[in-house]
Amino acid sequence: MIKGKEKLAQPRKKRIADEILFQVGKSVLLVFLVVAVVAILMVRWIIVSSKESELTLQSLSASHQLSGFFEQYAHGSAQLAVNPEIKQLMLETKPGDNILEAENMETVRQNLLNVQKTDAENIMAAWIADLDTSVLTQSDGYTSGDDWDITKRVWYEACVETGKSIMTEPFEDPATGQVILSAVTPVYSDTTGELLGVTGLDVSMEHLTGVMGGYKIGKNGYVLLLSSEGTIIYHPQKDMRQKNLADVDVSQNVMDAVKAGKEQYLKYKVGGTVKYGVAEPVGETGYTVISNMPFSEYYALLIQMIIILVILFVVGIVLIVLSIRKSAASLSKPIMELNHTAQQLAEGDLDVLLDIASEDEIGELGDSIGKTVARLKEYIVYIDETAEVLAQIADGKLSIELKNDYVGEFQKIKDALINISDSMNDVMKNISESSGQVSVGASELAEASQMLAEGAQAQAAAVQELARTTSTVTEQVQESRKDAEESAQATVRVTKMMEQNQDKMKQMMGAMNEIRETSQKVVGIIQTIEEIAEQTNLLSLNASIEAARAGELGKGFAVVADEIGKLAMESSKAASTTRELIGVSMDEINKGNEIANGVMVSLEKSVSAVGKVNEMIRKTAESAATQAEHVKQIRAGIDGISQGVNDNSAVSQETYATSEQLATQTVSLNEMVQKFELQP
């Protein structure tokens with residue numbers, strides 16, 4: 001993180017407990033939903049099968065009961081059809097005869113009355129209808145009029161076509177106003193098989209209504225009875241009875257089931273209300289029983305089961321959520337502790353204590369973090385020792401000692417510090433040796449310059465003495481030879497001294513050349529120091545990059561890298577300053593060389609002049625006559641020598657001053673080098 005900049009707004013952190021709850025809860029919820037759907041489908045299948053079975057059983061029960069109910073009346077009608085008296089009556093009557101006047105009419109009427117009395121509660125009347133006379137007569141004494149036509153009855157064709165007993169459509173008895181239906185059976189001749197007429201029983205619907213009303217399916221379900229034509233024979237609502245399905249808002253599949261005369265499971269609508277039921281034919285009567293149950297009641301149990309399942313699932317989900325939260329809290333607690341420890345480490349606080357008792361992966365993570373903390377504490381020892389060593393180097397103590405064993409990437413830092421120490425020691429030793437040599441050379445140059453000055457002063461004194469001597473030459477001709485010999489001896493000594501001065505000057509020039517070469521070597525050493533400083537700066541930059549990669553853990557390395565960079569900059573500045581001082585020394589040395597060259601030229605001239613004087617003295621000794629003539633020339637030469645000696649003396653003084661300055665600079669260089677404590 002870069003200091004001095006505001007932190008960006010941190011997004012809301014997700015909690016592990018919430019994440020576990022979300023992930024596990026999502027899976028559990030999905031499983032619960034799947035289980036719920038499967039359970040509901042299974043319960044629906046069971047309930048639907050149960051309801052379908054219940055409706056089928058109810059329809060079958062009603063069908064069987066009605067079939068038995070109708071069969072007894074059909075059987076009674078069939079018994080009448082095979083009654084011999086009735087057949088005989090129908091055979092004897094011819095078209096136009098009055099059936100009431102037939103011989104056995106009373107017997108037949110008595111038979112009809114007996115059948116009617118067998119179930120007087122339900123059988124409204126027993127009757128016969130003769131085909132030839134087209135007359136109907138009943139057990140209650142009713143006989144049809146002339147307008148009654150047997151062939152016009154709706155049951156006639158069905159009865160003739162089937163040749164067996166049938167149940168008629170329900171109708172209202174005009175005499176009593178009751179709704180009745182008739183069991184009708186055709187009567188055939190035993191000999192010819194010819195249709196003679198029909199017999200029938202009129203059955204009251206009140207008993208049938210009571211029977212049908214006894215069938216209750218659930219709370220609101222009931223059973224319908226329909227004729228083959230779709231007429232509603234029985235319905236709990238009286239206003240619906242005697243209506244045809246075509247006149248009622250009912251699904252077409254109900255009419256289709258009635259016409260098909262087969263058992264069918266139905267889902268239909270009546271007046272927009274969905275109902276479920278089973279259509280069951282009633283024996284061979286052509287009637288159909290349809291059980292029905294409202295949609296709400298049909299699925300009432302399923303809805304209750306769904307509600308119960310939903311409640312159970314909600315309770316289960318709540319319990320699971322609580323359990324997951326508890327488990328997630330127990331899992332997230334050590335993780336939060338680990339996070340707190342990690343934050344302490346990120347802030348640089350390594351004095352942390354982990355107490356994770358978990359035996360799972362979190363416990364292993366806690367152990368790993370504990371080992372990491374221990375390792376970081378070891379790294380702090382490395383950092384402290386590295387900082388201490390760098391501080392020593394900054395204070396000039398180049399002799400360092402690293403006591404700890406560095407591991408990993410820290411081994412590179414240890415090697416680099418040792419290399420820096422060794423390189424700086426070598427450089428400083430070379431500088432110290434070079435400065436020592438420069439100091440010795442400067443001392444020798446100063447001594448030579450001083451000797452040269454003293455020699456020049458002696459030469460000046462000798463020349464002055466020679467001048468005084470030559471001034472008395474004219475007065476002391478006799479002593480000229482002796483003086484000439486003494487002058488010759490003096491000039492010999494002067495020549496030797498000048499030759500000695502010339503040799504010393506050569507030595508001085510050699511020393512100055514050595515100082516120049518040594519200074520050039522020092523410049524090369526300083527260049528090496530600058531290269532070392534550049535390498536050290538590059539090392540500091542690399543360490544800074546590695547510290548940046550290490551993030552918060554690399555802050556200490558960044559400080560070390562910064563200190564190394566500063567030391568490199570200071571070394572580079574010191575080397576540059578030393579180079580500038582040596583450059584100044586080189587300039588002064590060059591000036592000294594120029595002066596020394598001038599002195600050499602002057603000395604050579606002095607030697608040459610002294611040689612000439614010596615030759616002149618020799619000639620003076622040989623020829624005194626010519627001495628007087630040459631006295632002026634000698635005096636002029638002595639004046640020139642005096643001037644040259646004075647010049648040599650001035651040059652020697654300047655050379656001495658330069659040597660003193662060089663010695664002073666050498667002392668400063670030694671003092672700078674002495675700041676560093678070198679290895680022995």
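A: Let's begin with D97, which sits in the loop between α2 (84-92) and α3 (105-118). Helices (H or I, at least four residues) and strands (E, at least two) are DSSP runs numbered from the N terminus. Please keep in mind that this is a predicted model, in which local features need pLDDT of at least 70 and side-chain atom pairs count only at pLDDT 80 or more, while totals for chains, interfaces and linings use all residues. Residues are numbered from 1 along each chain as its sequence is written, and side-chain values use heavy atoms, with hydrogens and water left out.

D97 has a relative accessibility of 35%, so it counts as partly exposed; buried means under 20% relative accessible area, exposed means over 50%, and partly exposed is in between (1.4 Å probe, protein chains only). Together with E101, E194 and D132, D97 forms a negative surface patch. Patch members have over 30% relative accessible area and no salt bridge, with like charges joined within 9 Å and nonpolar side chains (Val, Leu, Ile, Met, Phe, Trp, Tyr) within 5 Å. Asp and Glu count as negative, Lys and Arg as positive, and His and the chain ends are not counted. The place of a charge is NZ of Lys, CZ of Arg, CG of Asp or CD of Glu.

The loop between α2 and α3 also holds K94, which is partly exposed because its relative accessibility is 46%. The C-alpha atoms of K94 and D130 are 9.3 Å apart, although 36 residues separate the two along the chain.

The partners are K87 and D190, whose closest N and O atoms are 2.3 Å apart. K87 is in helix α2 and D190 in the loop between β5 (179-188) and β6 (195-204), so this pair ties together parts 103 residues apart in sequence.

Rings come next. Rings of Phe, Tyr and Trp (its six-membered ring) pair if their centres lie within 6.5 Å; planes under 30 degrees apart count as stacked, over 60 as edge-to-face and the rest as tilted. By this rule there are five aromatic pairs. One of them joins F69 and Y73 edge-to-face, at 4.8 Å centre to centre with 75° between the planes. These residues are four apart in helix α1 (residues 16-81), which means that about one helical turn separates them. F69 and Y73 are both buried. The rings of F70 and Y287 have centres 5.1 Å apart and planes at 85°, so they too are edge-to-face. This pair links distant parts of the chain, with F70 in helix α1 and Y287 in strand β11 (residues 287-294), 217 residues apart. F70 and Y287 are also buried. Ring pairs join F69, F70, Y73 and Y287 into a cluster.

Two residues stand out for their backbone angles. Most residues other than glycine have a negative phi. S134, which is not a glycine, has a positive phi of about 50°. S134 lies in the loop between β1 (123-130) and β2 (135-138) and is buried, with a relative accessible area of 13%. Q242 also has a positive phi, near 70°; Q242 is in the loop between β8 (232-234) and α6 (252-260) and, at 32% relative accessibility, is partly exposed.

In the loop between β7 (222-226) and β8 you will find T231, which is buried at 12% relative accessibility. T231 and D247 are 16 residues apart in sequence, with 9.6 Å from C-alpha to C-alpha.

Accessible areas come from the Shrake-Rupley method with a 1.4 Å probe; for residues, only the protein chains shown count as cover. V314 belongs to helix α8 (residues 300-346) and is partly exposed at 44% relative accessibility.

Our last stop is A547, in helix α11 (residues 480-550). A547 counts as buried, at 3% relative accessibility. A547 and A558 are 11 residues apart in sequence and 5.4 Å apart in space, C-alpha to C-alpha.

Definitions and conventions: Salt bridge = Lys/Arg side-chain N within 4 Å of Asp/Glu carboxyl O.
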